[in-house]
Amino acid sequence: MTTPYSFEHDAFASSLHERFAHLGDGAESGTTVKVAGRVMLLRTQGKLAFATMRDSSGEIQLFALSAVTTEFEDFVKLHLGDWVGVEGEVVRTRRGELSVKVGSWQLLAEAKLNFGDKWAGISDHELRYRHREADLWANPESRLALTRRSELVRSMRQRLWERSFTEVETPILNGIPSGAAARPFVTHHNALDAEFFLRIAPELWLKRLVVGGFERVFEIGRLFRNEGISPRHNPEFTTLELYAAYWDFNDMMALTEELVADIARDVLGTTEVSYQGRPFSFAAPWPRLSMSEITSEKIGEEVSVHTPESRLHALLAERGIALHDSWGPGRCLSELFEATCEADLWNPIFITEHPVEISPLARRHRRDALLTERFEAFAVGRELANGFSELNDPDEQRARFEEQARLAAAGDDEAMTIDHDFIKALEWGLPPTAGLGIGIDRLAMLIADVANIREVIAFPTLKPLRDA
RNA sequence: GCGCCUCUAGCUCAACGGCAGAGCAAUGGACUCUUAAUCCACAGGUUUCGGGUUCGAAUCCCGAGGGGCGCACCA
């Protein structure tokens with residue numbers, strides 16, 4: 001069967017429900033519209049037929065009558081899932097359902113596969129993720145989650161543009177993986193006969209743009225980390241990273257909480273929501289506690305990077321955490337925090353003043369040289385954002401990289417690689433600058449109220465099927 | 001990478017050591033206001049794959065593969 005190359009439609013389901021809300025039962029509007037979408041349900045009744053048609057906006061009933069509808073015999077043979085274009089009058093049936101009384105209609109495309117049980121939909125996770133196109137039609141909440149994500153990103157861009165940030169794009173193929181501590185994916189460029197790494201963070205490139213004079217830049221883009229997959233981890237994921245010249249980490253925390261609360265209001269209309277059945281608030285300001293403060297409070301004794309290492313080791317041992325040779329007091333404190341506090345941080349909170357030992361790109365704290373002016377925002381027990389006053393001293397950055405190289409030599413396969421081009425950039429002068437990173441997928445999970453990161457990724461990474 | 005759970009018709013699920021079933025979808029038919037329409041009829045399967053135990057395996061055991069959850073890694 002030949003189907004048309006185009007169909008000119010002039011109405012959406014949801015707009016019809018708005019425009020004709022006051023049309024009485026059994027009344028005819030006198031208005032003819034053209035709508036298009038997929039047949040989701042079909043009820044035939046002799047010389048009448050009722051179809052529920054869904055488009056991107058919602059659903060509208062199609063009311064076909066043998067006396068009115070062209071090719072009525074074919075209409076009643078439509079399959080669930082078929083795409084149709086319909087021209088007809090807007091009416092409300094005697095039973096009160098707003099409908100398009102089908103005059104002429106066209107089959108736009110046939111669905112040769114069905115979309116699952118018309119009541120239960122598709123619940124098999126594997127089928128849903130491998131064939132999201134079917135999931136999206138069978139399960140409206142799947143489409144809603146991806147729509148929320150789209151609205152989130154749109155809001156984020158608008159809110160950053162409003163604040164004079166410039167959106168940029170930086171390389172995904174990198175000669176060295178830099179800007180974070182993570183295992184990279186490796187690929188190969190044939191013509192250059194060179195090894196490339198998919199980026200694990202855009203951080204160093206973005207700071208080079210600040211050196212170049214972009215005082216406020218941001219990038220929303222895909223990162224790739226060669227790590228385990230879990231309900232909260234996809235190997236490719238999306239982050240916002242931004243940098244603002246002349247700001248410090250306090251300024252950046254203020255932006256973070258405002259930005260996220262604004263996004264919640266833009267997308268959901270409120271900052272007060274629930275996540276997985278539990279109340280949750282995006283409202284700013286968010287509490288601020290240093291890593292040392294919250295950990296001390298939690299374990300009931302004062303701990304910090306100045307605590308004797310023997311005591312830190314004992315506290316770790318009490319909690320069954322295996323100590324690694326390379327861990328100094330900073331790493332020990334961080335491990336203690338993660339083990340005792342992180343999972344309980346439900347509403348957004350800033351944890352600040354991370355040890356310099358675990359923050360090779362952050363500037364030393366102005367009041368304590370063992371700490372940095374860094375913050376992480378946590379929500380629902382997970383890290384939501386990370387930011388700091390940027391280290392802008394090239395000599396110290398070189399020394400920090402060299403320390404990372406020592407860790408790598410000692411067997412830490414996630415220690416940062418030394419980036420000489422970045423050090424050179426700092427030698428041209430990076431003004432005082434603060435940076436921020438927010439995991440878009442993680443934030444989308446909160447906004448969409450879903451438990452698995454795959455729900456907010458259209459096509460999440462799955463193990464390829466292979467022949468036995 | 002490790003542990004636990006899981007895989008039955010296109011979809012949602014039964015059967016849990018004794019003939020592999022239902023609803024929906026599909027197919028044929030009835031029906032002029034349906035709402036997961038209803039009714040009648042018909043069809044649909046190497047029970048993910050490969051071994052094993054047994055008189056007999058969807059069911060028990062071993063292995064492989066996919067998926068879910070937890071741990072590890074991490075955001």
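Predicted model: local features only at pLDDT ≥ 70, side-chain atom pairs only at ≥ 80, totals over all residues.
User: Thanks! What are the overall extents of the C-alpha trace, and how many helices and strands does chain A have?

Analyst: Along its principal axes the trace spans about 90 × 55 × 50 Å. The secondary structure comes to 13 helices and 20 strands. Of the 468 residues, 50% count as buried. Among contacts with a separation of 6 or more, 66% are between residues 24 or more positions apart.

User: Why is helix 6 called roughly parallel to helix 12?

Analyst: The axes of helix 6 (residues 203-211) and helix 12 (residues 420-427) cross at roughly 25°, coming within 10 Å. Angles under 35 degrees count as roughly parallel, so helix 6 is roughly parallel to helix 12. Their crossing is left-handed.

User: Which residues make that contact, and how many of them are nonpolar, polar and charged?

Analyst: Helix 6 contributes Leu 204, Lys 207, Arg 208 and Val 211, and helix 12 contributes Asp 421, Phe 422 and Ala 425. By class, the contact has 4 nonpolar residues, 3 charged ones and no polar ones.

User: What makes helix 9 and helix 10 roughly parallel?

Analyst: It's the angle again. Helix 9 (residues 309-318) packs against helix 10 (residues 329-340) at about 30°, and the axes are 10 Å apart. The cut-off for roughly parallel is under 35 degrees, and therefore helix 9 and helix 10 qualify. The crossing of helix 9 and helix 10 is left-handed.

User: Which residues of helix 9 and helix 10 make the contact?

Analyst: From helix 9 come Glu 309, Leu 312, His 313, Leu 315 and Leu 316; from helix 10 come Pro 329, Cys 332, Glu 335 and Leu 336. Sorted by class, the contact has 6 nonpolar, 1 polar and 2 charged residues.

User: How do you know whether Leu 443 is buried or exposed?

Analyst: Compare its accessibility with the cut-off. Buried means under 20% relative accessible area; Leu 443 has 0%, so it is buried. Leu 443 belongs to helix 13 (residues 440-448).

User: What does Leu 443 contact beyond its neighbours within four places in sequence?

Analyst: Leu 443 is in contact with Leu 152, Met 156, Val 260, Ile 263, Phe 282, Leu 384 and Ile 438. There is also a C-alpha distance to mention: Leu 443 and Glu 383 are separated by 9.8 Å, though they are 60 residues apart along the chain.

User: Why does Asp 262 count as buried?

Analyst: The relative accessibility of Asp 262 is 12%, so it counts as buried, given that the limit is under 20%. Asp 262 lies in helix 7 (residues 249-268). Not counting residues up to four places away in sequence, Asp 262 touches Ser 155, Arg 159 and Arg 163.

User: Ser 164 comes next: why is Ser 164 called exposed, and what is its phi?

Analyst: Exposed means over 50% relative accessible area. Ser 164 has 51%, so it is exposed. Its phi is near 70°, a positive value in a residue other than glycine. Ser 164 sits in the loop between helix 5 (140-162) and strand 6 (166-167).

User: What makes Asp 193 exposed, and where is it found?

Analyst: Asp 193 has 59% relative accessibility and therefore counts as exposed. It is found in the loop between strand 8 (186-189) and strand 9 (194-198). Phi of Asp 193 is near 45°, also a positive value in a residue other than glycine.

User: How do you know that the bond joining Ala 284 and Pro 285 is called a cis peptide bond, and where is Pro 285?

Analyst: Look at omega: it is about 0° for the cis peptide bond that joins Ala 284 and Pro 285. Pro 285 is in the loop between strand 13 (278-281) and strand 14 (288-290).

Notes: Residues numbered from 1 in each chain as written. Chains lettered and ligands numbered in written order. Heavy atoms only, no water. Axes fitted to C-alpha atoms, helices over the stretch in contact; angles between N-to-C directions. Helix = DSSP H or I, 4+ residues; strand = E, 2+ residues; numbered from the N terminus. Parallel < 35°, antiparallel > 145°, perpendicular 65-115°, else oblique. Left-handed = near helix turned anticlockwise from the far one by under 90°. Contact = heavy atoms within 4.5 Å. Nonpolar A, V, L, I, M, F, W, Y, C, P; charged D, E, K, R; others polar. Buried < 20%, exposed > 50% of the residue type's maximum accessible area, 1.4 Å probe, protein only.
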